[in-house]
Amino acid sequence: MNVFRLGTRGSALALWQANYVKSALEKQGISVELKIIQTHGDRSRNAPIMNLGAQGVFTKEIQRALLQGEIDGAVHSLKDLPTEPVPGLLLASVPVREEVRDVLVSNKVKTIEELAAGDRIGTGSLRRKTQLLYHLPQGIIIEDIRGNVETRLRKLDQGDYDALVLAAAGLIRLGQRDRIASYLPVSRFLPAVGQGALGLEARLEDSESIRILSLLDDRKTHYAVLAERALLAALEGGCIAPIGTRTWWEQDDSKDFLGLHGRLLSPDGTRLFEHQERLEIRKAEDAVRLGEETAQILLKAGGSEIVEDLKRTREFS
C-alpha cells in the first residue's frame, strides 16, 4: 500500500480528528491521504438530530465509501457511530481518549447553578436535555441547537442563548478551551457513549488496513468504549437516546477491573434509572458482558418502560 486513504467528514472538528490520526500514522511511517465525504447530517444542519430519522446520519456515506473501496479506513467521532454492526466493516482501533466530560459555555454565568428562570440553554443532545431537565429547577428554558462548534459559539455570542452545553473534547481539540466556563459534575451529567473517543474503521477482509489502524489502538480505551457501546446496544438506544455512561479502570490484586456507570432517562426528564457495575477484564468479550449485564439491570429496574416508549415514539415520528 503506497498511500493509506482515510475518509472523514469535512467539519473543522472532523478534520482536526482526521489530521490527528494522519499525523500519528505518518509518525509510524505510513503515508496518508485524507478524503472528505459529506454526510446526511452535514447536509441537514437545521433540523434537530433526533428528527433526521435513521441512525448513522454522520457515518453512513463514509462507511459506504469504505465498503466500495474508495477509502482504506475511516475516522469517526465514536459517539456518532451506531452500535449495530455494518456487514463487512470492523472497528479496528480506538486511540487514547480525550476528556469525556460535558461543559458549560456562557458569557453570562460561570456555573450551571447560576442560571435563573428564563435563561436559555442550547443543546443538540437528547441525553443532555433530559439530564438538564432532571437536575435543574423549572423555568430554565432548554432549546435545540444545530450546527458545528463554531456555529453554536457564534449563536451564543449573538445572544440567541444564555449558555450552551457542549463536549469538552471538541472545544479542546479546536483550541477553544478558554470558552469553557465550567465542567459539569460527572455524577449528575453523565457523558455520551464513546464521548471523547475516536473510532477507526476498516474493511473486515482488509488485514493490511486493520494492521495499520491498530498501530494507534489503546487497549484500555478500546475496552471501555466496548462496554459503553454494549450497554447502548442492549438498551436499543441508538445514538440519540437519553443514555449516559461513564467508565473507569481500577486495579485489585494485580487484576484489571473496569467500572461502568449507566443511566437511562425518560425523554421528558422526569424518570431516571441508573446502575454501577464492575468486572475483571481480560479480553474484549468481558467488556461487552459488563455493558450487557449493566443494561439488563437497568431494564429490570424499570428502564424497559422508557425503551418501549422510545420505540413507539420512533414508529409514529
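Reader: Why is Trp 16 called partly exposed?
Author: Its relative accessibility is 32%, and the class covers values between buried, under 20% relative accessible area, and exposed, over 50% (1.4 Å probe, protein chains only). Trp 16 therefore counts as partly exposed. Tyr 20, at 36%, is partly exposed as well. The model is predicted: local features need pLDDT of at least 70, side-chain atom pairs count only at pLDDT 80 or more, and totals for chains, interfaces and linings use all residues. Residues are numbered from 1 along each chain as its sequence is written, and side-chain values use heavy atoms, leaving out hydrogens and water.

Reader: What makes the pair of Trp 16 and Tyr 20 stacked?
Author: Rings of Phe, Tyr and Trp (its six-membered ring) pair if their centres lie within 6.5 Å; planes under 30 degrees apart count as stacked, over 60 as edge-to-face and the rest as tilted. Here the centres are 5.5 Å apart and the planes at 10°, so the pair is stacked. A search of the whole structure finds one aromatic pair.

Reader: Why is Ser 77 called buried?
Author: Its relative accessible area is 18%, so Ser 77 is buried by the under-20% limit.

Reader: What joins the side chains of Ser 77 and Gln 17?
Author: A polar contact of 3.2 Å. The term requires a pair of N or O atoms within 3.5 Å; within protein, one must be able to donate a hydrogen and the other to accept it, and residues adjacent in sequence count only if both atoms are side-chain atoms.
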